[in-house]
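Please examine the sequence and the structure shown below before reading this report.

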Amino acid sequence: MTSMNIDAQPTQATSQAEPFSIAPETGVGAVHLAVTDGPAMLEFYRDVVGLTDLGPREGLVRLGAGGRELVVLHPDATGPVVQQRTGLYHLALLVPDRRELARVVARLFAMRYPHSPTDHTMTKSDYLWDPDGNGIEVYCESPEDGRFVYSEDTFGAIDNEGRPRSGRDPMDLDELFGHLTDADDLQQPMPEATRMGHVHLHIRDVPEALGFYHDLMGFDVMGLMRRFGAAFISAGGYHHHLGLNTWAGQGAPPPPPGTAGLRHFTMELPSAGDLDTVVARLRGGGIDVQEDGAGLWASDPSSNRLLLKVRDGA
């Protein structure tokens with residue numbers, strides 16, 4: 001997809017002259033969170049959200065689907081998420097269809113756990129927060145219902161009959177639950193095909209963040225809402241692999257050390273060559289990139305840490 005003219009402020013991190021798009025097969029991998037209580041959070045992400053316990057490793061709590069890590073918990077936080085800071089807005093677990101989303105939504109209603117089923121037209125989503133305040137979205141794709149639209153001011157949608165939608169309508173629960181039968185087990189875990197669809201971040205400045213993620217890393221800008229303080233960016237034309245917003249405050253500082261929240265998120269590239277290209281662009285833009293056995297590490301200008309690696313099995 002052709003990149004949009006974003007008018008980013010000229011900084012060292014926007015010094016790459018030639019337009020560049022990251023490999024279209026790039027996607028989001030595991031999200032690592034600091035939490036205050038490992039056993040309690042294991043129960044939450046397993047029994048409430050529906051992920052599968054993959055077993056501990058090096059003191060970490062590992063959850064996922066189909067044997068793949070999706071959420072990894074670091075149980076060493078001394079306090080809950082601090083508001084009005086950069087970091088995680090939400091991680092977004094993508095289930096394969098409406099039936100699987102209905103199973104999650106129905107389970108949350110049955111457990112009386114607070115949540116917000118929302119119809120974005122192009123996707124159907126449910127939002128909740130873990131006990132430490134980490135945001136979670138569970139969603140399925142529904143492009144047959146319409147598409148997203150963006151303006152300077154806000155996000156919206158157009159349905160398949162050409163009618164404008166807010167993009168934030170209440171979900172039609174009767175329609176959603178119609179995909180379930182009496183035989184469906186609400187406690188069944190998320191299916192093997194579940195993956196991390198996207199991550200939405202609190203950042204301190206939108207043009208600055210786009211200088212990093214768009215100009216250097218090569219994510220395409222799918223929607224830029226300047227007055228709304230947000231942007232959606234992706235690889236390969238997806239509606240968004242990353243959401244960026246300043247809703248925690250323009251110029252928001254990073255969270256205090258030791259509090260719950262985002263440790264890091266993972267971006268997975270399809271080949272070693274694709275990874276090398278992105279790392280070279282980051283280093284060419286003055287970004288410090290460190291390497292260890294897990295992959296290559298960098299931090300965006302808002303102190304959100306990311307791990308860059310080749311997708312397992314590639």
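The report describes a predicted model, beginning with a pair of helices and then turning to aromatic rings.

## Packing of two helices

Two packed helices are described by the angle between their axes and the distance between the axes. Helix 1 covers residues 38-49 and helix 2 covers residues 98-111; their axes lie 9 Å apart and form an angle of about 115 degrees. Angles of 65 to 115 degrees count as roughly perpendicular, and helix 1 and helix 2 are therefore described in this way.

The contact involves Asp47, Val48 and Val49 on the side of helix 1, and Val104, Arg107, Leu108 and Met111 on the side of helix 2. Of the residues in this contact between helix 1 and helix 2, five are nonpolar and two are charged, while none is polar.

## Aromatic pairs

The model contains 10 aromatic pairs. One of them joins Tyr89 and Trp247, whose ring centres are 5.4 Å apart. Their planes stand at 85 degrees, and planes over 60 degrees apart count as edge-to-face, so this pair is edge-to-face.

The pair connects distant parts of the chain, as Tyr89 and Trp247 are 158 residues apart. Tyr89 belongs to strand 5 (residues 87-94), whereas Trp247 lies in the loop between strand 16 (242-245) and strand 17 (261-269). Tyr89 has a relative accessibility of 31% and counts as partly exposed. Trp247, with a relative accessible area of 34%, is also partly exposed.

## A cluster of rings

Aromatic rings also form a cluster in this model: Phe148, Tyr150, Phe155 and Phe232 are linked by ring pairs.

How values were computed
Residues are numbered from 1 along each chain as its sequence is written. This is a predicted model: local features need pLDDT of at least 70, side-chain atom pairs count only at pLDDT 80 or more; totals for chains, interfaces and linings use all residues. Side-chain values use heavy atoms; hydrogens and water are left out. Axes are lines fitted to C-alpha atoms, for helices over the stretch in contact, and angles run from 0 to 180 degrees between N-to-C directions. Helices (H or I, at least four residues) and strands (E, at least two) are DSSP runs, numbered from the N terminus. Angles under 35 degrees count as roughly parallel, over 145 as roughly antiparallel, 65 to 115 as roughly perpendicular and the rest as oblique. Contact means heavy atoms within 4.5 Å. Ala, Val, Leu, Ile, Met, Phe, Trp, Tyr, Cys and Pro count as nonpolar, Asp, Glu, Lys and Arg as charged, and the others, Gly among them, as polar. Rings of Phe, Tyr and Trp (its six-membered ring) pair if their centres lie within 6.5 Å; planes under 30 degrees apart count as stacked, over 60 as edge-to-face and the rest as tilted. Buried means under 20% relative accessible area, exposed over 50%, partly exposed in between (1.4 Å probe, protein chains only).
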